[in-house]
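These are my notebook entries on a structure that I looked up. I set down each term when I first needed it.

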Amino acid sequence: MSRPEIYSPEGLRIDGRRWNEVRHIKCAINTHPASSDGSSIIEQGNTKVMCNVVGPAEPTSSSGGGGAKSNTNSFANENKVTLSVKATVAPFSTIDRRKRSGNDSRIQEMCLTIQHIFEEAVMGHLQPRSQIVISLYILAQDGGMLQACINAASLALIDAGIPMYDYVCACTAGMHDTEVLLDLNRLEENDMPFLTMATLGATRKVSLMQLETRVGVDKLEPMMAAAMSGCHYLRQIMDAQVRKHGKNRLARVGA
Amino acid sequence: MARDLKPTLIENTFVLKALTENVRLDNRSFSQMRNLDISFSSTEYGAVDVHLGRTRVIVRISAEVTQPRSDRPYDGLFVISTEISPMAAPTFEAGRKSEEELVISRIIEKSIRQSQALDTESLCILAGEKCWLVRADVHFLDHDGGLLDAGCLAVSAALLHYRRPEISIVGSGDARQVVVHPPTEKVPVPLSVLHVPVCVTFSFFNMKLAQSSLTAATSTTAATTPAKENDEIDMDTDDTDETAVLVDASLQEELLRHGFMSVTSNINKEICQIYKAGQLAVEIETLLSCSEAATAVAEKVTKLIRRRLKEDEVARNVGNVLEEARAENDRLVADEGVIQDMNND
Amino acid sequence: MAQTSLKPTANVILPPTTPLASASFLFRADGSASWQVGNAHLIASVSGPMEVSKRDEQPTVATLEVTVRPDIGVSSTREQFLQEQIRKAITPVVVLDLHPRTLIQIVVQIVEAGENKTHNRIALSAAINATYLALLDAGIPLRSTISACTIIYVSSPDSNTSQIAIINPDKRQLEKNSDRIASVHTIAYELKGGQIERVLLSESSGQFTQDQLFECYDLAAKVCAESNGVLREVVTKSVGKHNAWRE
């Protein structure tokens with residue numbers, strides 16, 4: 001068979017998963033303790049994203065607070081923290097090596113999206129007149145870049161000790177004919193309509209929902225439900241990892 | 001760049017207070033759009049002028065023959081340009097992309113180009129050699145909120161209205177040449193538009209936040225009574241009503257809102273694009289009902305566009321012998337039949 | 001300069017319609033106006049006097065920023081040329097030294113160019129008129145009135161008669177005479193109390209004699225005086241609208 005089967009009649013996907021199984025997740029926090037206040041790496045299947053968080057610190061003129069946004073934002077900074085998000089896509093992250101320019105509007109849009117998500121999730125009123133810089137490095141892409149970025153940023157912010165209301169967890173869900181598939185890889189993403197959703201912890205509150213492909217409105221509900229349960233599952237995994245890291249660290253301090 | 005207009009605290013409190021009493025300042029209901037007016041140029045094809053309340057957008061469609069991209073020899077090119085000039089509002093700077101502009105251009109791009117509203121394969125003339133480049137130039141003239149919604153439907157309407165010049169291929173082999181016929185020579189042909197995307201933006205207001213800020217505002221002047229505190233507790237337990245959802249926000253509402261979601265859909269009950277990026281987290285049920293409401297709005301708007309197009313067609317054809325005598329007329333009637341069928345569905 | 005009303009003669013072709021103008025229709029801009037002549041349709045907006053960026057700040061006068069946006073495609077040298085010409089034509093009339101360290105921002109949007117993409121003269125005269133009306137609508141202090149028009153001279157089909165002047169030609173006239181155009185003149189006059197005062201802009205190209213140019217100036221004076229009437233009408237109407245509450 002020349003073309004791989006997206007979803008076999010036996011209910012198996014291209015990589016052997018069932019419809020409701022997410023890819024293998026490996027995540028770690030405090031991976032770059034020397035270079036940043038908080039850091040994380042997350043691998044969701046073959047998608048790999050690294051995140052560094054610096055802050056809260058005094059706003060620099062080059063990024064965020066001043067410069068591009070000029071004095072319009074300095075007003076808001078009086079009572080809220082300024083978030084700035086930068087993303088770098090590694091040229092080796094996809095099979096065809098491409099040099100990406102820094103002002104790709106798709107990446108800019110993603111940065112803006114992530115900024116808006118965490119502006120709501122971070123208790124920004126506790127750090128007025130300061131800035132948090134979130135730097136994302138997309139090391140490998142195999143579908144679900146946005147979700148991995150959000151999850152990585154969430155973990156890194158927690159590692160930096162920035163007060164947050166809850167984790168922001170993101171997950172994708174697609175629709176293959178009438179079957180919902182959870183957490184798509186790249187091949188599946190190219191083949192079917194899918195949406196990315198991010199929830200505030202294990203609640204029913206949706207912080208982000210993005211859909212970029214045409215799909216019948218009746219198919220939206222099952223996709224949304226699946227994505228939400230995926231988000232809740234991811235929160236468990238991320239929380240377990242954070243707690244494990246905390247225990248290890250405490251043990252070391254105690255010893 | 002001129003400094004942005006910041007709503008005052010009084011304005012903020014006033015609008016939110018009104019919303020808690022189910023009132024919008026322009027006396028619309030929460031799910032009501034502003035007055036929508038679509039008009040087409042009487043001289044040019046693919047020139048549309050859209051008024052959405054006080055917001056005004058014009059779109060010009062143009063086409064020229066060019067070379068296709070080497071990796072897609074069978075596809076024509078389609079470009080949407082959405083630069084916002086300071087005419088819309090002095091806060092937009094010529095030549096520099098603001099955040100708002102970035103979001104608007106990306107969503108229009110996703111809504112129309114990425115959803116394949118225009119069949120780019122039909123723009124191919126000679127595979128790998130010649131194809132049409134269709135440009136949609138969106139000019140935002142006045143900004144009173146809803147630039148995105150107005151821009152998206154203006155592009156959709158303009159694509160439907162546009163007629164590209166007829167072409168013929170002369171010669172054979174390597175000597176093949178594309179001849180573009182001016183409208184006086186051959187009747188121009190419509191573009192192949194596969195569906196009509198319509199974008200609707202829902203603005204979210206956190207009523208719990210509104211309530212608490214209101215009580216905070218009143219408590220500075222008068223001591224809070226225990227009864228009021230009880231009310232607040234009631235609000236906390238009442239989860240269903242905590243987000244107010246407004247359709248087609250005005251500029252003031254846009255500046256004050258806590259979050260928004262843009263949904264693009266078409267008359268076939270398909271969602272082309274959903275954009276809800278951060279800000280206020282909203283219950284999943286609310287988002288779902290918004291998406292369904294969007295398709296209803298899309299249906300209404302599409303019908304309006306079709307009606308206006310038909311009126312324009314009639315106005316154009318008065319005494320036009322050339323139009324009546326053309327060979328394409330039969331097909332046009334067939335097209336209209338299809339449109340009618342679609343409307344009846 | 002003697003002014004008599006414009007009459008079509010054997011050598012002068014008048015535009016089929018008088019210019020169509022309106023003002024004050026945009027809500028965000030401080031002043032706005034549209035000007036329709038021939039097939040050209042332009043919208044101009046004016047905002048200011050307002051905050052100016054440090055880079056453009058001038059200590060004694062207001063900064064005049066003109067942006068011209070094409071109807072189709074991206075801004076090119078054609079728009080750059082228009083920007084510069086408009087700025088030159090209106091600068092002497094605007095009282096810039098009343099608002100030092102401020103910005104007066106003018107945006108001209110071409111809705112329909114009314115001529116081929118390689119030309120810009122029809123758009124230029126329409127843009128000057130629209131810009132002037134928008135400045136007036138925005139309440140920017142002005143010294144006098146401006147009015148502009150474009151006249152083309154085409155060689156007549158029978159070569160023994162002299163050239164024919166077409167005033168503010170539309171697309172059809174331009175296309176019909178495209179290979180017979182001898183010269184193109186865009187002239188902007190300054191008017192005071194409806195009387196022609198000075199030439200603010202004179203942009204001519206093609207082959208013409210000195211006598212012809214002077215003849216053209218006289219003709220343009222008549223056209224400008226007439227379109228000044230249109231302008232006056234629009235302003236009267238919009239001022240009336242703004243002051244309706246007084247009565």
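Entry 1: I call a residue buried if 20 or more other C-beta atoms lie within 10 Å of its own, exposed if 12 or fewer do, and partly exposed in between, with C-beta atoms placed from the backbone. I noted that the model is predicted, that local features need pLDDT of at least 70 and side-chain atom pairs pLDDT 80 or more, and that totals for chains, interfaces and linings use all residues. Residues are numbered from 1 along each chain as its sequence is written, and chains are lettered from A and ligands numbered from 1 in the order in which they are written.

Of the 345 residues in chain B, 40% are buried. I listed nine helices and 14 strands for chain B; helices (H or I, at least four residues) and strands (E, at least two) are DSSP runs, numbered from the N terminus. I then turned to contacts, where two residues are in contact if their C-beta atoms, placed from the backbone, lie within 7 Å. Among the contacts in chain B with a separation of 6 or more, 78% join residues 24 or more positions apart.

Entry 2: where chains A and B touch. I found 31 residues of chain A and 34 residues of chain B in this contact. On the side of chain A, α2(A) gives the most, with nine residues. I sorted the side of chain A that touches chain B into 14 nonpolar, nine polar and eight charged residues. Here Ala, Val, Leu, Ile, Met, Phe, Trp, Tyr, Cys and Pro count as nonpolar, Asp, Glu, Lys and Arg as charged, and the others, Gly among them, as polar.

I next looked at α2(A) beside helix α2 (residues 99–114) of chain B: their axes come within 10 Å and cross at roughly 120°. Such axes are lines fitted to C-alpha atoms, for helices over the stretch in contact, and the angles run from 0 to 180 degrees between N-to-C directions. The crossing of α2(A) past α2(B) is left-handed; that is the term if the near helix is turned anticlockwise from the far one by less than a right angle, and right-handed is the term if clockwise. In this contact A:Ser105, A:Gln108, A:Glu109 and A:Leu112 meet B:Glu99, B:Leu102, B:Val103, B:Ser105 and B:Arg106.

Entry 3: where chains B and C touch. Here 24 residues of chain B are in contact with 21 residues of chain C. On the side of chain B, the largest share, five residues, comes from β6(B). That side divides into 10 nonpolar, six polar and eight charged residues.

Entry 4: two helices within chain A. How do the axes of helix α3 (residues 145–159) and helix α5 (residues 220–254) of chain A cross, and at what angle? I read that they come within 11 Å and cross at roughly 30°. Angles under 35 degrees count as roughly parallel, over 145 as roughly antiparallel, 65 to 115 as roughly perpendicular and the rest as oblique, and α3(A) and α5(A) are therefore roughly parallel to each other. The crossing is right-handed. From α3(A), A:Asn151, A:Ser154, A:Leu155 and A:Ile158 meet A:Leu234, A:Met238 and A:Val242 of α5(A). By class I noted five nonpolar, two polar and no charged residues.

Entry 5: A nonpolar core is a set of buried Ala, Val, Leu, Ile, Met, Phe, Trp, Tyr and Cys residues joined through C-beta atoms within 7 Å. The largest has 219 residues, and A:Met197, C:Leu42 and C:Ala127 have the most contacts inside it. Its largest share, 12 residues, comes from α2(C). I located C:Leu133 in this helix (residues 121–137). C:Leu133 is buried because 27 C-beta neighbours lie inside 10 Å. Its C-alpha atom is 8.1 Å from that of C:Ser34, 99 residues apart along the chain.

Entry 6: backbone details. I found a cis peptide bond between A:Gly55 and A:Pro56, with omega about 0°, and another from C:Gly48 to C:Pro49, with omega near 0°. Is A:Asn30 buried or exposed? A:Asn30 counts as buried, with 20 C-beta neighbours inside 10 Å, and its phi is near 60°. B:Asn27 has a positive phi of about 65° and is exposed, with 7 other C-beta atoms within 10 Å.
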